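Me: Please take a close look at the ligand site. I want the surroundings and the contacts.

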Amino acid sequence: MTSLRWRVRAFAKVNLALYVGARRADGYHPVATVIQRLALYDRLEISVEKRSAPGLEIRVWADVPGVPENEENLAGKAVRLLAPELARAGYGGARVTVRIEKRIPAAAGLGGGSADAAAVLESLDQRLGLGIGREELARRAAALGSDVPACLYQEATVGTGRGERVQPVAAPVLWWVLAHPGGALRTGDVYQAYDGLRPPRPGPEAPGGEDERLRSAVEPLVRALSNSNVAEIANNLYNDLQEAACRLRPDIEPLLEAMMAQGALGAIVSGSGPTVAALAPSPAMAERIAAALSSGSAWTWWGPGLASGSGTAW
Ligand code: ATP
């Protein structure tokens with residue numbers, strides 16, 4: 001029986017911008033979003049054992065309660081997605097085990113589940129020589145969740161469509177402070193609250209009009225990132241879901257205010273929340289803001305976003 005075992009890190013994400021359009025007929029909302037990965041990560045230990053019995057056995061569990069197991073977990077779904085390639089590479093009869101050391105708060109707007117799934121996809125492809133490649137993985141990963149393709153990239157990305165069409169963009173190292181007020185926010189509930197807040201559309205829009213509007217909305221931020229202009233980046237932090245998240249969770253607003261009062265350049269709800277992310281002018285200020293917030297009941301973290309290289313033209 002052959003057995004392979006390795007460890008991999010799955011990095012959280014923050015949405016610097018999230019523009020959301022009207023709900024489509026398929027139930028999804030079109031978005032344009034800009035994501036940076038953070039130096040906050042789950043640790044995954046993955047092992048693959050070839051067995052004599054046929055069939056793929058998938059075992060996944062995390063070291064904290066409340067995270068789904070096995071094929072209910074996004075990391076388990078990621079293994080299942082690669083079943084055809086695993087079989088072709090001689091792993092048709094195998095037990096794949098993923099043990100997750102969870103450091104990213106779950107259901108927090110930080111993409112923890114998506115990051116775990118992406119780390120599984122990428123590392124199975126590379127370690128077992130499945131020969132799929134990142135672009136094809138990104139195309140297929142959309143079936144697991146809109147944020148999974150972006151999590152295949154360590155660099156910053158712009159996501160369009162329902163967030164799953166991703167393109168890497170240049171970005172400097174930015175210093176972030178996260179504060180999580182506790183509890184969870186279900187992404188579906190936040191989108192539903194958002195729909196309730198939107199004024200009805202004035203009339204039919206030209207085909208592609210909404211997608212185009214959303215794409216151009218993120219352009220000033222993409223430019224500021226490529227120029228490493230931190231003040232402009234802060235000016236362009238934006239989240240269409242923020243108002244809905246704040247209505248569902250009145251404990252978010254005081255965190256945003258406290259971060260700004262402590263000297264953040266900007267503060268925003270990340271994704272569907274309830275985590276709040278503040279952009280700090282320096283690591284020292286990030287540490288200071290986090291220290292001030294940690295005297296309350298919120299979970300806090302501070303550290304860098306991951307830098308990206310030149311990216312491709314947007
Ligand atoms: P996003 O910002 O991508 O919407 P999120 O950060 O709000 O995601 P996740 O941490 O990815 O949320 O968790 C969302 C839900 O997914 C959880 O409520 C949990 O039940 C489920 N889930 C499945 N797999 C995982 C995983 N590996 N880690 C955390 N949650 C998982």
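Reply: Here is the ligand site, starting with the ground rules. This is a predicted model: local features need pLDDT of at least 70, side-chain atom pairs count only at pLDDT 80 or more, and totals for chains, interfaces and linings use all residues. Residues are numbered from 1 along each chain as its sequence is written, and side-chain values use heavy atoms, without hydrogens and water.

The ligand sits in the largest pocket. A pocket is an open set of points on a 1 Å grid over the protein atoms alone, with protein on both sides within 12 Å along at least five of seven lines. To sit there, a molecule needs more than half of its atoms within 2 Å of the grid points.

The shell holds 19 residues, each with a heavy atom within 4 Å of the ligand. The closest are Asn73, Gly111, Gly113, Asp116 and Asp147. By class, eight are nonpolar, seven polar and four charged. Here Ala, Val, Leu, Ile, Met, Phe, Trp, Tyr, Cys and Pro count as nonpolar, Asp, Glu, Lys and Arg as charged, and the others, Gly among them, as polar. Helix H3 (residues 112–127) gives the largest share, four residues. Helices are DSSP runs (H or I, at least four residues), numbered from the N terminus.

Now the polar contacts (pairs of N or O atoms within 3.5 Å). A backbone N or O atom of leucine 110 lies 2.9 Å from a ligand oxygen. For a polar backbone atom of alanine 108, the distance to a ligand oxygen is 3.4 Å. Threonine 187 uses a side-chain N or O atom, 3.3 Å from an oxygen of the ligand. Taken alone, the ligand exposes 610 Å², and the protein buries 79% of that (Shrake-Rupley method, 1.4 Å probe).

Technical notes:
A polar contact is a pair of N or O atoms within 3.5 Å; within protein, one must be able to donate a hydrogen and the other to accept it, and residues adjacent in sequence count only if both atoms are side-chain atoms. On a 1 Å grid over the protein atoms alone, a cavity is a set of points where a 1.4 Å probe fits but cannot get out, and a pocket is an open set with protein on both sides within 12 Å along at least five of seven lines; lining residues have an atom within 4 Å of a point. Helices (H or I, at least four residues) and strands (E, at least two) are DSSP runs, numbered from the N terminus.
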